[in-house]
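Let's walk through this one together, starting with a pair of helices and then moving on to some charged contacts. Have your viewer open and follow along.

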Amino acid sequence: MGLLALGVFTLVDASTIVAPSSVNTVGPQAFPYAVGVLLVLTSLALFVDLARGHGGAAEEGEDVDPSATTDWATVLKLTGSFAALVVLVEPLGWPIAATVLFGGAAWSLGARPWWRPVLVGAVLAFTTQVLFTQLLDLYLPAGPLEGVSFLG
Amino acid sequence: MGDFGALLDGFATALQPMYLLYALIGVTLGTAVGVLPGIGPAMTLALLLPLTYSLEPTAAFIMFAGIYYGGMYGGSTTSILLNAPGESSSIITALEGNRMAKAGRGSAALATAAIGSFVAGTIATVALTLVAPTIARLAVQLGPADYVALLVLAFLTVAAVLGSSPPRGIASLGIGLFLGLVGTDTLTGQQRFTLGLPALADGIDVVVVAVGVFAVGEALYVASRMRRGPIPLVPAGKGWMTKDDWRRSWKPWLRGTAIGFPIGTLPAGGAEVGTFLSYSAERKLSKHREEFGKGAIEGVAGPEAANNASAAGVLVPLLTLGLPTSATAAILISAFQSYGIQPGPLLFQDESALIWALIASLYIGNVLLLVLNLPLVGIWVKLLQIPRPYLYAGILTFAALGSYSVGASTEDLVLLFLLGLLGWAMRNFGFPIAPAVVGLILGPIAEEQLRRALAISQGDPTVLVTSPFAAVVYAALVVFLFLGWWLRRRQARTEAELAAVVATPAESERSSS
C-alpha cells in the first residue's frame, strides 16, 4: 500500500516538475519561471521528506472511513455519471442531463432501489431549472423541453 | 466620526426590507449548506456563489455576508451532533460538544455555541469597524514593492501554517500559482499554458477551480472511501442552558473573542489556530478541569467564540489590503472580482457605500443567526440525516450547476471534473487544499505588482527590499514564521494532551477524586 501511494505520489510530483518545462519561450516569463522553480524545489523537498519516511496523511472527514482503501469502482462510476452530463447537457438540456448525473451518482454511491435516486434527481433538476431561468435570470439549456414556458 | 456616519448610512441601506430579505436568505442558505456534513465554509461560499450572479452588487454582498457567517456557524451544529468535524476549526467543538450531547446536554451545547458565536461575532465586527478604515487609510500610501512584500508574506504564512507540513503547503500553493498563470497575460496579451485551447485563453474561472477542488474533490474523496452503515447522530436532547452554564460560558465567550479576532487578522492560517489556543486557555483556567475531554461547556463556548471572532478578523486584511488569509476569504475575493471590485486600500474610498452596507449586514447577519438557529435546530438535525449517497450526488449536481451557469460551456464542466480529480488526489496524499486556492487568487495580483515595481525601477530588483515598509514586512515575515511555528507546536501539544485525556478518562477521574 505504501509502495502504491509512493508510486502515485511520484506521478503527482512528476507532473509538477513537467509544468515549468512547458513554460513558453515568448512573452513574460519571469513569474512562471519563479513558480516553476518553486514547484521543483518543493517537490525535491517532498522527496527528501518521503525518503525520511514522512508520508502524507490522508485527510479526515465526517463520512470518510480512514481505514478503507480507495474504491476505484465507485470513482469510475461517478466519472461516468459526470461524463454523461457533459455529453448530454447540450442536446438534451439541463433537466434531463442533471437527472442522469444525480441518479447515476447516488446509485454509484449505494442508493437503492435504482428508481429512487432518479426520481429525486428529476425533482432536483427541474426545480433548479425553473429557479435559475425564471427567478435568477441565468441560462440553462432546456433541450427538447425548449418551448415549455416555465423551463426556458 | 466620519466612519460612524458612514456605518449608519450602511445600516440605512442594509435595513431596507429587500436587503434584509437577502440577508435572511444568505444566512439561512449558508447555515443549511454549512450544516451538511463534508461541507466547510469555503465550499459553502463557492457552491452558493452562482445564486448571486444576477443580483446587483449591494444585494450580492449582503447575501455573501450572510452566507459567510451562516456557513461558519453551521459547522458547529454538525460537530456537536455528529462528532466529526467538517472543517478543522470545529475539531474542538466536536470534542467537547459531542460529549455533552452524548450526556444528554446537546441543546445546552448548541445554545452556548449559538450565543457564543453571536457575542463573539458582534464584538469582533465592532473591532473590524474600528480597525479597518484606519488600516485602509495607512495602506493607501503603499507602493507596488510594498505589495509584493505583503503578498510574499501572505503566500509563505498561508502555505506554512495551513496543512500538515510546510513542504506540502508550499507545493499546494505552487499548484495554485500555476493554475493562476493559465490564460492570457494581462500586460502583453501573450497566452500562457493554454495548450492552444481557446477555452483556456481567458484563464480558469476561480469559481470553477474552487468548486472543483473543494466540492467535486470532496465528493470523489468520500466516494472512494465511504463510511458505510448508519449515521452516528446524537439527538439534541431536551433542556436549555442552566444558570450554571451561563456562569461558566460568558467568560470563555469573551476570552475566545479576544484570542480569535487578532489571530484572524494575522496571516496565520485563519480560524483553526485560534480555537486550539482558546481551548487550551480554557482548560488551564477552568475550575472543572477534570470535565475537559468529557463534555465541559467551557470547551465549547470558548473555541466557538474564537472561531467566529476570527471569521470577522479575516475580513480586516481582506477588505483593507486585498489579502485573503484563508480559503474562505480567497473565495470572497473572487466574488468581489466578479463584480469588477478589487479589494484593497482604495475600497473604503471608491466603494464606501457598498463596504459599509456590507459591514452593517454583518451585524444584522449575526442577529439573524441567533434568532434563526435557536428555533431551527430541528431542521438542521433533519439535514444531517440526509442519506449520504443523495448528499454527495447533490453536491456533484450543484457543483456542475454552478460551473455551468458561469459560462454555459461544457469545457468548464470538463475542467471542473479534472480539477475535482486534482482535489481528490491532493486529499489522498495529504496536501492541503486551501493554499492552492489562495495562490490562484493572489498569484496574478502578485505578478502584476511585481512587474509594476520593476517597471518603475527600470529592472532594478533592489527596489523590492529598499522601501522601508517592505523591509519591515520582510522582518515581520521572519517573526510570523517563527510565531506560526510556535503556535503549531502549541497546537500539537494541545492535541497530544487531548489524546491523553480522551485515552485515559478513568485515570483522570481517579486523580480528580
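Is the crossing of α4(B) and α14(B) left-handed or right-handed? Keep in mind as you look that this is a predicted model. The crossing turns out to be right-handed. To find it, pick out helix α4, residues 57-82 of chain B, and helix α14, residues 352-384 of chain B. Their axes come within 8 Å and cross at roughly 35°.

Now for the side of each helix that does the touching. On α4(B), the residues that meet α14(B) include P57(B), F61(B), I62(B), Y69(B), Y73(B) and L82(B). Among their counterparts on α14(B) are L354(B), L358(B), L362(B), L369(B), W380(B) and L384(B). Sort the contact by class and you get 16 nonpolar and 7 polar residues, with no charged ones. G70(B) and T77(B) on α4(B), and N366(B) and N373(B) on α14(B), are also part of this contact.

So where do charged residues pair up?

Start with D245(B) and R105(B), whose closest N and O atoms are 3.0 Å apart. D245(B) lies in helix α9 (residues 243-265) and R105(B) in helix α5 (residues 91-139), both of chain B, so this pair ties together parts that are 140 residues apart in sequence. The aspartate D245(B) is buried, at 2% relative accessible area, whereas R105(B) is partly exposed at 31%.

Next up is R427(B) with E218(B), again with the closest N and O atoms 3.0 Å apart. Here R427(B) sits in helix α16 (residues 410-428) of chain B and E218(B) in helix α8 (residues 206-224) of chain B, so the bridge ties together parts 209 residues apart in sequence. Buried or exposed, this pair? Both R427(B) and E218(B) are buried.

Finally, go back to helix α9 of chain B, where R255(B) sits. R255(B) forms a salt bridge with E282(B), and their closest N and O atoms are 2.9 Å apart. E282(B) belongs to helix α10 (residues 271-285) of chain B, and the pair links distant parts of the chain, 27 residues apart. R255(B) counts as partly exposed, with 29% relative accessibility, while E282(B) is buried at 1%.

Technical notes. Residues are numbered from 1 along each chain as its sequence is written. Chains are lettered from A and ligands numbered from 1 in the order in which they are written. This is a predicted model: local features need pLDDT of at least 70, side-chain atom pairs count only at pLDDT 80 or more; totals for chains, interfaces and linings use all residues. Side-chain values use heavy atoms; hydrogens and water are left out. Axes are lines fitted to C-alpha atoms, for helices over the stretch in contact, and angles run from 0 to 180 degrees between N-to-C directions. Helices (H or I, at least four residues) and strands (E, at least two) are DSSP runs, numbered from the N terminus. A crossing is left-handed if the near helix is turned anticlockwise from the far one by less than a right angle, and right-handed if clockwise. Contact means heavy atoms within 4.5 Å. Ala, Val, Leu, Ile, Met, Phe, Trp, Tyr, Cys and Pro count as nonpolar, Asp, Glu, Lys and Arg as charged, and the others, Gly among them, as polar. A salt bridge is a side-chain nitrogen of Lys or Arg within 4 Å of a carboxyl oxygen of Asp or Glu. Buried means under 20% relative accessible area, exposed over 50%, partly exposed in between (1.4 Å probe, protein chains only).
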